[in-house]
Amino acid sequence: MAGEHMEFGPLIKYFRTQLGMTQKELAAGICSVPHLSKIEGNSKEANEETVKMLLERLGIDQEEIQGQEGQIKGLLAELNELIDYQLKDDAEILMSKLKEKEHVIPFSSSLYLYEMAKYRYLIFIGKIPEAEKQQEMLNKHKKNFSQYENCLFRYLNAVLLLKKGNYQKADEILISLLPEWMDGIDRGELLYDISLSKAFLEQTGHSIHFGNQALQSFKNTHNFIRILHTLMLLAISYTQSKIYEEALSCLQHLIRNLSLLEDLVFKAQVFHNMGYLQSKMGETEKALYYYKKSLSLQKPDTFNYLVTLFSIGETQYELGEQEEARTIFSQVNDLAKELDNKRYLILVNYYLLSINSPDKSVEYLETKVLPAVNGCNALTVDLNKFYKLLSSHYKSIGKADKAVLYLEKII
(Lines give C-alpha, C1' and ligand atoms only; values in the text may rest on other atoms or scores of the structure.)
Protein backbone atom coordinates (compact mmCIF):
# COMPACT_ATOMS: atom_id res chain seq x y z
CA MET A 1 0.00 0.00 0.00
CA ALA A 2 1.45 3.35 -1.01
CA GLY A 3 2.33 5.67 1.83
CA GLU A 4 1.13 6.00 5.39
CA HIS A 5 -0.53 9.43 5.10
CA MET A 6 -3.11 11.19 3.00
CA GLU A 7 -2.04 11.34 -0.67
CA PHE A 8 -2.60 15.00 -1.50
CA GLY A 9 -1.62 14.79 -5.19
CA PRO A 10 -4.44 12.47 -6.30
CA LEU A 11 -6.76 14.25 -3.83
CA ILE A 12 -6.07 17.62 -5.50
CA LYS A 13 -6.74 16.08 -8.92
CA TYR A 14 -10.00 14.53 -7.68
CA PHE A 15 -11.42 17.78 -6.28
CA ARG A 16 -10.16 19.85 -9.26
CA THR A 17 -12.00 17.48 -11.62
CA GLN A 18 -15.11 17.55 -9.43
CA LEU A 19 -15.15 21.37 -9.65
CA GLY A 20 -14.57 21.29 -13.42
CA MET A 21 -11.31 23.31 -13.19
CA THR A 22 -8.46 23.00 -15.64
CA GLN A 23 -4.87 22.54 -14.43
CA LYS A 24 -4.11 26.00 -15.80
CA GLU A 25 -6.89 27.59 -13.73
CA LEU A 26 -5.80 25.85 -10.53
CA ALA A 27 -2.07 26.46 -11.01
CA ALA A 28 -2.35 30.16 -11.93
CA GLY A 29 -0.13 32.20 -9.61
CA ILE A 30 0.80 29.17 -7.48
CA CYS A 31 2.98 26.90 -9.63
CA SER A 32 3.56 25.89 -13.25
CA VAL A 33 1.10 23.57 -15.01
CA PRO A 34 3.82 20.84 -15.51
CA HIS A 35 4.63 21.09 -11.79
CA LEU A 36 0.93 20.68 -10.86
CA SER A 37 0.72 17.71 -13.24
CA LYS A 38 3.60 16.03 -11.42
CA ILE A 39 2.03 16.79 -8.02
CA GLU A 40 -1.28 15.25 -9.12
CA GLY A 41 0.53 12.16 -10.40
CA ASN A 42 2.42 11.84 -7.10
CA SER A 43 5.65 11.67 -9.09
CA LYS A 44 6.99 14.84 -7.47
CA GLU A 45 6.81 15.87 -3.85
CA ALA A 46 5.36 19.37 -3.47
CA ASN A 47 6.36 21.63 -0.64
CA GLU A 48 3.80 22.15 2.09
CA GLU A 49 3.10 25.78 1.14
CA THR A 50 2.28 24.88 -2.49
CA VAL A 51 -0.08 22.10 -1.40
CA LYS A 52 -1.76 24.46 1.08
CA MET A 53 -2.38 27.13 -1.59
CA LEU A 54 -3.73 24.58 -4.08
CA LEU A 55 -6.12 23.17 -1.48
CA GLU A 56 -7.28 26.67 -0.43
CA ARG A 57 -8.10 27.52 -4.07
CA LEU A 58 -10.15 24.32 -4.21
CA GLY A 59 -11.95 25.35 -1.02
CA ILE A 60 -10.55 22.44 1.00
CA ASP A 61 -9.43 22.72 4.63
CA GLN A 62 -6.07 20.92 4.81
CA GLU A 63 -6.25 20.30 8.55
CA GLU A 64 -9.75 18.86 8.25
CA ILE A 65 -8.62 16.53 5.46
CA GLN A 66 -5.57 15.40 7.46
CA GLY A 67 -7.82 14.77 10.46
CA GLN A 68 -9.94 12.46 8.30
CA GLU A 69 -7.07 9.95 8.14
CA GLY A 70 -7.21 9.27 11.87
CA GLN A 71 -11.02 9.26 11.87
CA ILE A 72 -11.14 6.66 9.08
CA LYS A 73 -8.71 4.38 10.91
CA GLY A 74 -10.72 4.75 14.11
CA LEU A 75 -14.01 3.95 12.37
CA LEU A 76 -12.51 0.87 10.68
CA ALA A 77 -11.18 -0.44 14.01
CA GLU A 78 -14.60 0.17 15.57
CA LEU A 79 -16.41 -1.61 12.71
CA ASN A 80 -14.23 -4.70 13.08
CA GLU A 81 -14.88 -4.72 16.81
CA LEU A 82 -18.65 -4.48 16.28
CA ILE A 83 -18.50 -7.46 13.92
CA ASP A 84 -16.33 -9.34 16.44
CA TYR A 85 -19.11 -8.77 19.00
CA GLN A 86 -21.86 -9.67 16.47
CA LEU A 87 -23.59 -6.27 16.79
CA LYS A 88 -25.36 -6.05 13.42
CA ASP A 89 -27.42 -2.89 13.96
CA ASP A 90 -24.45 -0.89 15.26
CA ALA A 91 -22.24 -2.23 12.46
CA GLU A 92 -24.80 -1.05 9.88
CA ILE A 93 -24.79 2.48 11.34
CA LEU A 94 -20.98 2.58 11.34
CA MET A 95 -20.81 1.30 7.77
CA SER A 96 -23.03 4.25 6.77
CA LYS A 97 -20.62 6.66 8.51
CA LEU A 98 -17.70 5.18 6.56
CA LYS A 99 -19.59 5.45 3.28
CA GLU A 100 -19.97 9.19 3.93
CA LYS A 101 -16.17 9.40 3.75
CA GLU A 102 -15.83 7.51 0.46
CA HIS A 103 -14.77 10.71 -1.32
CA VAL A 104 -11.67 10.89 0.90
CA ILE A 105 -10.87 7.21 1.64
CA PRO A 106 -9.28 6.46 -1.79
CA PHE A 107 -6.56 9.03 -0.98
CA SER A 108 -5.84 7.71 2.50
CA SER A 109 -3.54 4.91 3.64
CA SER A 110 -6.67 2.95 4.66
CA LEU A 111 -8.03 2.37 1.15
CA TYR A 112 -7.54 -1.43 1.10
CA LEU A 113 -8.45 -1.82 4.77
CA TYR A 114 -11.74 -0.03 4.03
CA GLU A 115 -12.46 -2.27 1.03
CA MET A 116 -11.70 -5.33 3.19
CA ALA A 117 -13.93 -4.01 5.97
CA LYS A 118 -16.72 -3.77 3.37
CA TYR A 119 -15.90 -7.35 2.30
CA ARG A 120 -16.08 -8.59 5.89
CA TYR A 121 -19.31 -6.68 6.52
CA LEU A 122 -21.00 -8.20 3.44
CA ILE A 123 -20.07 -11.72 4.61
CA PHE A 124 -21.25 -10.84 8.14
CA ILE A 125 -24.73 -9.75 7.00
CA GLY A 126 -25.01 -12.71 4.61
CA LYS A 127 -24.85 -10.86 1.26
CA ILE A 128 -22.72 -13.58 -0.34
CA PRO A 129 -23.06 -12.60 -4.06
CA GLU A 130 -22.02 -9.02 -3.20
CA ALA A 131 -19.17 -10.34 -1.05
CA GLU A 132 -17.96 -12.41 -4.03
CA LYS A 133 -17.88 -9.28 -6.21
CA GLN A 134 -15.92 -7.44 -3.52
CA GLN A 135 -13.48 -10.38 -3.32
CA GLU A 136 -13.03 -10.25 -7.09
CA MET A 137 -12.22 -6.54 -6.98
CA LEU A 138 -9.75 -6.93 -4.09
CA ASN A 139 -8.07 -9.85 -5.82
CA LYS A 140 -6.97 -7.50 -8.63
CA HIS A 141 -5.13 -5.30 -6.11
CA LYS A 142 -3.54 -7.93 -3.84
CA LYS A 143 -0.05 -7.32 -5.25
CA ASN A 144 -0.22 -3.92 -3.51
CA PHE A 145 -1.25 -5.30 -0.09
CA SER A 146 0.88 -4.97 3.02
CA GLN A 147 1.71 -8.13 4.98
CA TYR A 148 -1.21 -7.44 7.34
CA GLU A 149 -3.64 -6.76 4.48
CA ASN A 150 -2.58 -9.97 2.76
CA CYS A 151 -3.16 -11.95 5.98
CA LEU A 152 -6.58 -10.32 6.46
CA PHE A 153 -7.62 -10.97 2.84
CA ARG A 154 -6.75 -14.67 3.11
CA TYR A 155 -8.72 -14.91 6.35
CA LEU A 156 -11.82 -13.29 4.84
CA ASN A 157 -11.56 -15.58 1.80
CA ALA A 158 -11.58 -18.56 4.20
CA VAL A 159 -14.65 -17.20 6.04
CA LEU A 160 -16.44 -16.84 2.69
CA LEU A 161 -15.50 -20.44 1.81
CA LEU A 162 -17.00 -21.57 5.14
CA LYS A 163 -20.24 -19.75 4.32
CA LYS A 164 -20.32 -21.49 0.93
CA GLY A 165 -19.67 -24.94 2.43
CA ASN A 166 -16.12 -25.45 1.10
CA TYR A 167 -14.78 -26.60 4.48
CA GLN A 168 -11.63 -28.37 3.31
CA LYS A 169 -10.17 -25.38 1.46
CA ALA A 170 -11.27 -23.00 4.24
CA ASP A 171 -9.58 -25.20 6.84
CA GLU A 172 -6.28 -25.23 4.92
CA ILE A 173 -6.20 -21.43 4.75
CA LEU A 174 -7.22 -20.94 8.39
CA ILE A 175 -4.58 -23.33 9.72
CA SER A 176 -1.90 -21.60 7.61
CA LEU A 177 -2.83 -18.27 9.25
CA LEU A 178 -2.27 -19.44 12.84
CA PRO A 179 1.48 -18.61 13.01
CA GLU A 180 1.14 -15.20 11.33
CA TRP A 181 -2.07 -13.82 12.88
CA MET A 182 -1.99 -10.09 13.65
CA ASP A 183 -4.15 -7.71 15.68
CA GLY A 184 -7.15 -6.05 14.09
CA ILE A 185 -9.60 -8.95 14.38
CA ASP A 186 -9.96 -10.94 17.61
CA ARG A 187 -7.81 -14.11 17.45
CA GLY A 188 -10.82 -15.89 18.94
CA GLU A 189 -12.55 -15.45 15.56
CA LEU A 190 -9.77 -17.39 13.80
CA LEU A 191 -9.86 -20.14 16.44
CA TYR A 192 -13.67 -20.34 16.25
CA ASP A 193 -13.60 -20.62 12.45
CA ILE A 194 -10.98 -23.38 12.63
CA SER A 195 -13.14 -25.24 15.17
CA LEU A 196 -16.14 -24.83 12.84
CA SER A 197 -14.29 -26.14 9.77
CA LYS A 198 -12.96 -29.11 11.80
CA ALA A 199 -16.50 -29.92 13.00
CA PHE A 200 -17.81 -30.04 9.44
CA LEU A 201 -14.81 -32.15 8.38
CA GLU A 202 -15.73 -34.52 11.24
CA GLN A 203 -12.37 -33.97 12.94
CA THR A 204 -14.16 -33.61 16.26
CA GLY A 205 -11.08 -33.91 18.47
CA HIS A 206 -9.46 -30.99 16.68
CA SER A 207 -12.75 -29.07 16.70
CA ILE A 208 -12.95 -29.43 20.50
CA HIS A 209 -9.29 -28.39 20.90
CA PHE A 210 -9.67 -25.16 18.89
CA GLY A 211 -13.18 -24.55 20.27
CA ASN A 212 -11.84 -24.49 23.82
CA GLN A 213 -9.08 -22.08 22.77
CA ALA A 214 -11.69 -19.84 21.13
CA LEU A 215 -13.85 -20.00 24.25
CA GLN A 216 -10.96 -18.82 26.43
CA SER A 217 -10.16 -16.01 24.00
CA PHE A 218 -13.78 -14.79 24.00
CA LYS A 219 -13.91 -15.01 27.79
CA ASN A 220 -10.80 -12.81 27.94
CA THR A 221 -12.56 -10.14 25.86
CA HIS A 222 -15.97 -10.63 27.57
CA ASN A 223 -17.54 -11.39 24.19
CA PHE A 224 -20.79 -12.86 25.52
CA ILE A 225 -22.47 -13.68 22.19
CA ARG A 226 -19.38 -15.45 20.83
CA ILE A 227 -19.02 -17.40 24.10
CA LEU A 228 -22.52 -18.78 23.50
CA HIS A 229 -21.78 -19.51 19.83
CA THR A 230 -18.64 -21.41 20.84
CA LEU A 231 -20.49 -23.37 23.53
CA MET A 232 -22.98 -24.46 20.85
CA LEU A 233 -20.16 -25.57 18.55
CA LEU A 234 -18.46 -27.45 21.40
CA ALA A 235 -21.76 -29.12 22.34
CA ILE A 236 -22.12 -30.43 18.77
CA SER A 237 -18.53 -31.71 18.67
CA TYR A 238 -18.80 -33.31 22.12
CA THR A 239 -22.03 -35.02 21.00
CA GLN A 240 -20.36 -36.33 17.84
CA SER A 241 -17.46 -37.59 19.98
CA LYS A 242 -19.91 -39.27 22.41
CA ILE A 243 -18.63 -37.13 25.28
CA TYR A 244 -22.21 -36.62 26.36
CA GLU A 245 -21.66 -35.13 29.83
CA GLU A 246 -19.57 -32.27 28.40
CA ALA A 247 -22.13 -31.72 25.63
CA LEU A 248 -24.92 -31.62 28.21
CA SER A 249 -22.99 -29.13 30.35
CA CYS A 250 -22.51 -26.79 27.34
CA LEU A 251 -26.17 -26.96 26.32
CA GLN A 252 -27.48 -26.51 29.86
CA HIS A 253 -25.33 -23.39 30.20
CA LEU A 254 -26.70 -22.12 26.88
CA ILE A 255 -30.33 -22.74 27.89
CA ARG A 256 -29.79 -20.90 31.19
CA ASN A 257 -28.65 -17.82 29.26
CA LEU A 258 -31.13 -17.86 26.37
CA SER A 259 -33.46 -15.35 28.05
CA LEU A 260 -30.74 -12.72 27.53
CA LEU A 261 -30.84 -13.19 23.75
CA GLU A 262 -33.30 -11.95 21.14
CA ASP A 263 -31.97 -14.23 18.38
CA LEU A 264 -34.80 -16.74 17.85
CA VAL A 265 -32.85 -18.69 15.20
CA PHE A 266 -30.03 -19.32 17.67
CA LYS A 267 -32.46 -20.25 20.45
CA ALA A 268 -34.15 -22.76 18.14
CA GLN A 269 -30.76 -24.27 17.25
CA VAL A 270 -29.88 -24.68 20.94
CA PHE A 271 -33.11 -26.59 21.64
CA HIS A 272 -32.71 -28.69 18.47
CA ASN A 273 -29.17 -29.66 19.46
CA MET A 274 -30.33 -30.51 22.98
CA GLY A 275 -32.99 -32.75 21.39
CA TYR A 276 -30.33 -34.40 19.27
CA LEU A 277 -28.09 -34.97 22.31
CA GLN A 278 -30.98 -36.46 24.33
CA SER A 279 -31.73 -38.76 21.40
CA LYS A 280 -28.10 -39.94 21.30
CA MET A 281 -28.24 -40.54 25.07
CA GLY A 282 -31.35 -42.69 24.65
CA GLU A 283 -33.62 -40.12 26.33
CA THR A 284 -36.24 -40.24 23.58
CA GLU A 285 -39.07 -38.53 25.48
CA LYS A 286 -36.78 -35.65 26.44
CA ALA A 287 -35.55 -35.45 22.84
CA LEU A 288 -39.13 -35.03 21.64
CA TYR A 289 -39.73 -32.27 24.20
CA TYR A 290 -36.72 -30.23 23.03
CA TYR A 291 -37.41 -30.76 19.32
CA LYS A 292 -40.97 -29.47 19.81
CA LYS A 293 -39.62 -26.48 21.78
CA SER A 294 -37.22 -25.75 18.91
CA LEU A 295 -39.98 -26.01 16.31
CA SER A 296 -42.17 -23.53 18.21
CA LEU A 297 -39.49 -20.83 17.74
CA GLN A 298 -38.95 -21.39 14.02
CA LYS A 299 -40.48 -19.89 10.89
CA PRO A 300 -42.45 -22.49 8.93
CA ASP A 301 -41.45 -23.21 5.33
CA THR A 302 -37.71 -22.98 6.07
CA PHE A 303 -35.02 -25.64 5.81
CA ASN A 304 -34.33 -25.59 9.57
CA TYR A 305 -38.05 -26.08 10.22
CA LEU A 306 -37.97 -29.08 7.86
CA VAL A 307 -35.01 -30.65 9.71
CA THR A 308 -36.59 -30.23 13.16
CA LEU A 309 -39.99 -31.45 11.94
CA PHE A 310 -38.31 -34.54 10.47
CA SER A 311 -36.47 -35.11 13.79
CA ILE A 312 -39.83 -35.00 15.61
CA GLY A 313 -41.21 -37.60 13.18
CA GLU A 314 -38.17 -39.85 13.68
CA THR A 315 -38.45 -39.55 17.46
CA GLN A 316 -42.16 -40.41 17.47
CA TYR A 317 -41.40 -43.35 15.19
CA GLU A 318 -38.78 -44.60 17.67
CA LEU A 319 -41.31 -44.19 20.52
CA GLY A 320 -43.73 -46.41 18.61
CA GLU A 321 -46.19 -43.55 18.09
CA GLN A 322 -46.89 -44.64 14.51
CA GLU A 323 -49.99 -42.53 13.81
CA GLU A 324 -48.39 -39.35 15.20
CA ALA A 325 -45.23 -40.11 13.20
CA ARG A 326 -47.25 -40.69 10.02
CA THR A 327 -48.96 -37.28 10.41
CA ILE A 328 -45.61 -35.51 10.96
CA PHE A 329 -43.92 -37.34 8.07
CA SER A 330 -46.79 -36.33 5.75
CA GLN A 331 -46.10 -32.69 6.70
CA VAL A 332 -42.38 -33.22 6.11
CA ASN A 333 -43.15 -34.73 2.70
CA ASP A 334 -45.22 -31.66 1.69
CA LEU A 335 -42.59 -29.21 2.91
CA ALA A 336 -39.71 -31.13 1.26
CA LYS A 337 -41.61 -30.91 -2.05
CA GLU A 338 -42.23 -27.21 -1.53
CA LEU A 339 -38.53 -26.60 -0.78
CA ASP A 340 -37.49 -29.01 -3.54
CA ASN A 341 -35.30 -30.95 -1.09
CA LYS A 342 -34.77 -34.35 -2.71
CA ARG A 343 -32.75 -35.82 0.16
CA TYR A 344 -35.48 -35.26 2.72
CA LEU A 345 -38.10 -36.51 0.27
CA ILE A 346 -36.20 -39.81 0.07
CA LEU A 347 -35.71 -39.98 3.85
CA VAL A 348 -39.36 -39.31 4.63
CA ASN A 349 -40.53 -41.75 1.97
CA TYR A 350 -38.52 -44.44 3.72
CA TYR A 351 -40.25 -43.82 7.04
CA LEU A 352 -43.70 -43.65 5.43
CA LEU A 353 -42.96 -46.95 3.68
CA SER A 354 -41.73 -48.41 6.95
CA ILE A 355 -45.06 -47.51 8.58
CA ASN A 356 -47.33 -48.44 5.64
CA SER A 357 -45.43 -51.29 3.91
CA PRO A 358 -42.61 -52.53 6.17
CA ASP A 359 -41.70 -55.37 3.77
CA LYS A 360 -40.79 -52.85 1.05
CA SER A 361 -38.92 -50.44 3.29
CA VAL A 362 -35.64 -52.39 3.67
CA GLU A 363 -34.98 -52.54 -0.05
CA TYR A 364 -35.82 -48.82 -0.34
CA LEU A 365 -33.46 -48.07 2.54
CA GLU A 366 -30.60 -49.92 0.86
CA THR A 367 -31.17 -48.83 -2.73
CA LYS A 368 -32.48 -45.27 -2.32
CA VAL A 369 -31.72 -43.88 1.14
CA LEU A 370 -28.07 -44.89 1.51
CA PRO A 371 -26.99 -43.56 -1.91
CA ALA A 372 -28.84 -40.30 -1.18
CA VAL A 373 -27.18 -39.71 2.20
CA ASN A 374 -23.81 -41.37 1.59
CA GLY A 375 -21.05 -38.81 2.06
CA CYS A 376 -23.32 -36.52 4.11
CA ASN A 377 -21.75 -34.85 7.08
CA ALA A 378 -22.63 -36.43 10.42
CA LEU A 379 -23.90 -33.03 11.56
CA THR A 380 -26.73 -33.22 9.02
CA VAL A 381 -27.60 -36.92 8.65
CA ASP A 382 -27.08 -39.72 11.20
CA LEU A 383 -25.96 -42.52 8.87
CA ASN A 384 -25.33 -44.89 11.79
CA LYS A 385 -29.06 -45.00 12.47
CA PHE A 386 -29.66 -46.51 9.03
CA TYR A 387 -26.69 -48.89 9.28
CA LYS A 388 -28.11 -50.19 12.57
CA LEU A 389 -31.53 -50.74 10.99
CA LEU A 390 -30.00 -52.71 8.10
CA SER A 391 -27.69 -54.68 10.40
CA SER A 392 -30.66 -55.66 12.64
CA HIS A 393 -32.77 -56.62 9.62
CA TYR A 394 -30.13 -58.92 8.11
CA LYS A 395 -29.40 -60.43 11.51
CA SER A 396 -33.14 -61.19 11.96
CA ILE A 397 -33.36 -63.05 8.61
CA GLY A 398 -30.14 -65.01 9.21
CA LYS A 399 -27.81 -63.13 6.82
CA ALA A 400 -24.94 -62.70 9.27
CA ASP A 401 -22.39 -61.59 6.63
CA LYS A 402 -24.51 -58.58 5.61
CA ALA A 403 -25.37 -57.84 9.24
CA VAL A 404 -21.65 -57.69 10.05
CA LEU A 405 -20.96 -55.53 6.97
CA TYR A 406 -23.30 -52.77 8.21
CA LEU A 407 -22.14 -53.18 11.80
CA GLU A 408 -18.54 -52.57 10.65
CA LYS A 409 -19.64 -49.34 8.95
CA ILE A 410 -20.90 -48.11 12.31
CA ILE A 411 -17.63 -49.03 14.01
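**Notebook: aromatic rings and their neighbours**

I looked up tryptophan 181 and found that, at 16% relative accessibility, it counts as buried (buried means under 20% relative accessible area, exposed over 50%, and partly exposed in between, with a 1.4 Å probe and protein chains only). This is a predicted model, in which local features need pLDDT of at least 70 and side-chain atom pairs count only at pLDDT 80 or more, while totals for chains, interfaces and linings use all residues. Residues are numbered from 1 along each chain as its sequence is written, and side-chain values use heavy atoms, with hydrogens and water left out.

I then noted ring pairs, taking rings of Phe, Tyr and Trp (its six-membered ring) as paired if their centres lie within 6.5 Å, with planes under 30 degrees apart counted as stacked, over 60 as edge-to-face and the rest as tilted. The count comes to 14 aromatic pairs. One of them joins tyrosine 155 and tryptophan 181 edge-to-face, at 5.0 Å centre to centre and 75° between the planes. I checked tyrosine 155 as well, and at 2% relative accessibility it is buried.

I next looked up tyrosine 289 and tyrosine 290, which form an edge-to-face pair, at 5.0 Å centre to centre with 75° between the planes. Tyrosine 289 is partly exposed at 48% relative accessibility, whereas tyrosine 290 is buried at 18%.

I also recorded one aromatic cluster, formed by Phe303, Phe310, Tyr317, Phe329, Tyr344, Tyr350 and Tyr351.

Last, I looked for charges over rings (NZ of Lys or CZ of Arg within 6 Å of the ring centre and within 35 degrees of the ring normal). Lysine 88 lies over the face of phenylalanine 124, at 5.7 Å from the ring centre, and arginine 226 lies over the face of tyrosine 192, at 4.4 Å.
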